[in-house]
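Visitor: I would like to learn how to read the features of a protein model, one at a time. Could you take me through them, giving the general idea before the particular case?

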Amino acid sequence: MKPNNISETINTISSDRLNSYRNYFNLTSDEECLGLYLWNDALSASFFKLISIFEVALRNTIHRELSHQFNAHRQQGHAFDNDWYEYLITQNQLKPKTVNLIRNVTHLPSRGRRRSQPVPKNPVPTPGKVIAAQSFGFWGFLINDTSLNGSIDWQSALFNGLKGHFALHSTYWSQNALDDFLMRLSQVNELRNRIAHHEPIWKFTQIRHHRTNQEIYPAASTPEESIQRMKTLNDRLCRILGWVSEDRKNDYLDSHYKAHFDWLTSLEALSVYKSLTYSNILTPSQAKRRFNGIVKSSKVHEIVGKRGIVTILPGIV
């Protein structure tokens, strides 16, 4: 989104936020800072699409496997879509935080002194609605809650659910493997939260293994290193998406979302956004005459007509 009033846009964002761009990317003006702020915004949107694909695929996979595992205890649903979480709650296998996340969907909050406990909703929400309402972080809480007490057979659930994983037998999913999987989910969730809070996603601090403290990635200190780290992070996200669904991974890799991400993580895109010339506004007739050039261009074009605006992104046409 190209601003109409650059000065006012800078004021609403604040100079303090833009200064981090100035220092890291060695910028000389507020306009350049604003350009890279908008570049970060575009990158965030691009990353969020991949996260969304992974989040939906992961939650539905785990839900299907746990429904199958606890099918004998279901009160609602069928073999691959039921309320397995209710059985775990009645058996006191989940921690209060995880229970509350579920009860926020299945129950109404208590009101007044006489109603000390939440009241079940009527009709009872379907398992599909309960699962769809959970945040991405819910799954990490669930695995943490149950991996040590043995209430969920995660070896079977992950071996059967993650069909694209390289594990040849369910015994692969030992506690060490679960810890590694949790660390990957935590990294995805951290990125998701940073995007939601409009933080600079090009800032990469040092990453160490949570148990061994061994360095996995050093902190990025140059724009080139940040771009490479973003490409690596995208690759890692694609890899774990492939564990859940090879088809969904290939859908993403063949999509315009991936093509646009590849362009955004180039020095060329960095230069285009830095100069605030990333958007060229054309009329429909101008776009028709220049179509071949637009297709080959590395810039964003906006076609403005009576019926609205069409945006053409590099790598998509």
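Guide: Let us begin with burial, where a residue is called buried if its relative accessible area is under 20%, and exposed if that area is over 50%. Please keep in mind throughout that this is a predicted model.

Visitor: With that cut-off in hand, is Leu270 buried or exposed?

Guide: Leu270 has a relative accessibility of 10%, and because buried means under 20%, Leu270 counts as buried. Leu270 belongs to helix α13, and, when residues up to four places away in sequence are not counted, Leu270 touches Phe25, Leu36, Trp39, Pro223 and Ile227.

Visitor: What percentage of the residues of the protein count as buried?

Guide: Of its 317 residues, 45% count as buried. The accessible surface comes to about 17,400 Å², and carbon and sulfur atoms account for 49% of that area.

Visitor: How many aromatic pairs does the structure hold, and how should I read their geometry?

Guide: The structure holds 17 aromatic pairs, and the angle to read is the one between the ring planes, where over 60 degrees counts as edge-to-face. Phe47 and Phe261 are an edge-to-face pair, with 5.0 Å from centre to centre and 70° between the planes. This pair links distant parts of the chain, since Phe47 is in helix α3 and Phe261 in helix α12 (residues 256-264), 214 residues apart. Phe47 is buried, at a relative accessible area of 1%, and Phe261 is buried with a relative accessible area of 1%. For the rings of Trp263 and Tyr273, the centres are 6.2 Å apart and the planes are at 50°, so this pair is tilted. Trp263 is in helix α12 and Tyr273 in helix α13 (residues 267-274), so the pair ties together parts that are 10 residues apart in sequence, and both Trp263 and Tyr273 are buried.

Visitor: How should I judge the span of a helix, and what does α10 reach from its first C-alpha to its last?

Guide: The expected span rests on 1.5 Å a residue, and helix α10 (residues 223-244), with 22 residues, reaches 32 Å, close to the 32 Å expected. In α10, 16 of the 22 residues are buried, so this helix is largely enclosed by the rest of the structure. For α9, also with 22 residues, the end C-alpha atoms are 31 Å apart, which agrees with the 32 Å that helix should span. The protein has 15 helices and nine strands altogether.

Visitor: What should I look for in the backbone angles?

Guide: Most residues other than glycine have a negative phi, and most peptide bonds are trans. In this model, α9 is followed by His198, whose phi is positive, near 60°; His198 lies in the loop between α9 (175-196) and β5 (207-208) and counts as exposed, at 55% relative accessibility. Asn92 likewise has a positive phi, near 55°, and is placed in the loop between α4 (84-90) and α5 (96-106), where Asn92 counts as exposed at 67% relative accessibility.

Visitor: Which peptide bond is cis?

Guide: The bond from Asn122 to Pro123 is cis, with omega near 5°, and Pro123 lies in the loop between β4 (119-120) and α6 (127-132).

Visitor: How many disulfides does a search of the whole structure find?

Guide: That search finds zero disulfides. Among the cysteines, Cys33 counts as buried at 0% relative accessibility, and Cys238 counts as buried at 7%.

Terms used: Residues numbered from 1 in each chain as written. Predicted model: local features only at pLDDT ≥ 70, side-chain atom pairs only at ≥ 80, totals over all residues. Heavy atoms only, no water. Phe/Tyr/Trp six-rings, centres within 6.5 Å; stacked < 30°, edge-to-face > 60°. Helix = DSSP H or I, 4+ residues; strand = E, 2+ residues; numbered from the N terminus. Buried < 20%, exposed > 50% of the residue type's maximum accessible area, 1.4 Å probe, protein only. Areas by Shrake-Rupley, 256 points an atom, 1.4 Å probe, with all protein chains shown as cover. Expected span 1.5 Å × (residues − 1). Disulfide = S-S within 2.5 Å. Contact = heavy atoms within 4.5 Å.
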